[in-house]
Amino acid sequence: MRKYAAELVTLAPDVILASGTATVAPLLQATRTVPIVFVQVTDPVGAGFVDSLARPGGNATGFTLFEYGISGKWLELLKEIAPAVKRVAVIRDPAQTAGTGQFGAIQSVASSVGVEVTPINMSSAGEIERAIVAFARSSNGGLIVTASALSVVHRDLIVTVAARHKLPAVYYRRLYVTSGGLISYGPDLVDQQRRAAGYVSRILNGEKPADLPVQAPTKYELVVNLKTAKGLDLEIPPTLLARADEVIE
């Protein structure tokens, strides 16, 4: 990523659109002058990309993926769809501030819903699989997959192992559910890209990233996979189905 970031900066673009923390970090190491508009970054302040959300202060601004509080909603959603769950493994990337932040938000609501949470740190595919398999040896378990580039890379593995071991799982974006995951709740990423185009336009017309506040999502979507629910012997509550933006049958 650092190599590609350096190559991109040498082309002297007027503005760069970047997606995700793993992309923005090497770009900001390569340049502090070329304007950068980012999307799908969970914690731009914690990652050091901007001084504050209201006043970014440097050459980068953009759109956050969500606030940490949404992570607690994933746990509540898991209990709603699978009430028997008492133990939850939280798959995270500990190398990012967002990995720690999301886990902390989940931990903060765990006792109120009667659940014990355990982190699974993402690394190699083999280690992720071994950790999930070990967790699944005890009953009443479920998974939450937090937002990170690594979780996207390993999504097929995580979805497959969760299904094999009958673990209900909640994900942060639709992509996992269309790949066979059970349920997701998160921002509408297409809408975020549209809004980012507006920032790119404003920068091309003379405005500075330092003066454009970082914005949070305005649209969220709940997606449910009924086929996966059937495979897990779960009956989706009608109230949850009524709230869903998309139901995959």
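A polar contact is a pair of N or O atoms within 3.5 Å; within protein, one must be able to donate a hydrogen and the other to accept it. The exercises below use this and a few other cut-offs on a predicted model.

**Exercise 1. Asn225**

Task: Find where Asn225 lies, state whether Asn225 is buried or exposed, and list the polar contacts of its side chain.

Solution.
- Step 1. Asn225 belongs to strand E9.
- Step 2. Its relative accessible area is 5%. Buried means under 20%, so Asn225 is buried.
- Step 3. The backbone oxygen of Val177 is reached by the side chain of Asn225 at 3.1 Å, within the 3.5 Å cut-off.
- Step 4. On the other hand, a polar atom of the Asn225 side chain lies 3.1 Å from the backbone nitrogen of Lys227.
- Step 5. Leaving out residues up to four places away in sequence, Asn225 touches Val177, Gly180, Gly181, Leu182 and Ile248.

**Exercise 2. Aromatic pairs**

Task: Classify the ring pairs Phe38 with Phe49 and Tyr185 with Tyr220, and place each pair in the chain.

Solution.
- Step 1. Searching the whole structure gives six aromatic pairs.
- Step 2. For Phe38 and Phe49 the ring centres are 6.5 Å apart and the planes make 55°, so this pair is tilted.
- Step 3. Phe38 is part of strand E2 (residues 36–41), while Phe49 is in the loop between E2 and strand E3 (60–64); the pair therefore ties together parts eleven residues apart in sequence.
- Step 4. Phe38 and Phe49 are both buried.
- Step 5. For Tyr185 and Tyr220 the centres are 5.8 Å apart with planes at 20°. Planes under 30 degrees apart count as stacked, so the Tyr185 and Tyr220 pair is stacked.
- Step 6. Tyr185 is in strand E8 (residues 183–187) and Tyr220 in strand E9 (residues 220–225), so the pair links distant parts of the chain, 35 residues apart.
- Step 7. Tyr185 is partly exposed at 22% relative accessibility, and Tyr220 is partly exposed at 32%.
- Step 8. One aromatic cluster is formed by Tyr171, Tyr172 and Tyr176.

**Exercise 3. Charges over rings**

Task: Identify the ring that lies under Arg87 and the ring under the charged end of Arg92.

Solution.
- Step 1. Arg87 lies over the face of Phe135, 4.1 Å from the ring centre.
- Step 2. The charged end of Arg92 is over the ring of Phe103, at 5.0 Å from its centre.

**Exercise 4. The open sheet**

Task: Give the strand order of the seven-stranded sheet, name its edge strands, and describe how helix H4 packs on the sheet.

Solution.
- Step 1. The seven strands run in the order E5-E4-E6-E7-E8-E9-E10, with mixed pairing, and the sheet is open.
- Step 2. E5 (116–121) and E10 (246–248) each have a single partner strand, so one side of each has no neighbour in the sheet; these are the edges.
- Step 3. Ignoring direction, neighbouring strands are turned by 20° against each other on average.
- Step 4. Helix H4 (residues 97–110) packs on the sheet and touches E4 (87–92), E5 and E6 (141–145). The direction of H4 makes about 165° with that of E5.
- Step 5. Inside the sheet, E7 and E8 run parallel and are joined by two bridges; Tyr171 stands opposite Ser184 in E8.

**Exercise 5. Positive phi**

Task: Locate Ala12 and Lys166, and give the phi of each.

Solution.
- Step 1. Most residues other than glycine have a negative phi.
- Step 2. Ala12, not a glycine, has a positive phi of about 50°. Ala12 is in the loop between helix H1 (2–10) and strand E1 (16–19), and at 58% relative accessibility Ala12 is exposed.
- Step 3. Lys166, also not a glycine, has a positive phi of about 55°. Lys166 is in the loop between helix H7 (155–164) and strand E7 (169–171), and at 46% Lys166 is partly exposed.

Terms used: Residues are numbered from 1 along each chain as its sequence is written. This is a predicted model: local features need pLDDT of at least 70, side-chain atom pairs count only at pLDDT 80 or more; totals for chains, interfaces and linings use all residues. Side-chain values use heavy atoms; hydrogens and water are left out. Rings of Phe, Tyr and Trp (its six-membered ring) pair if their centres lie within 6.5 Å; planes under 30 degrees apart count as stacked, over 60 as edge-to-face and the rest as tilted. Helices (H or I, at least four residues) and strands (E, at least two) are DSSP runs, numbered from the N terminus. Buried means under 20% relative accessible area, exposed over 50%, partly exposed in between (1.4 Å probe, protein chains only). A charge sits over a ring if NZ of Lys or CZ of Arg is within 6 Å of the ring centre and within 35 degrees of the ring normal. Contact means heavy atoms within 4.5 Å. Two strands pair if DSSP finds at least two bridges between them. Axes are lines fitted to C-alpha atoms, for helices over the stretch in contact, and angles run from 0 to 180 degrees between N-to-C directions.
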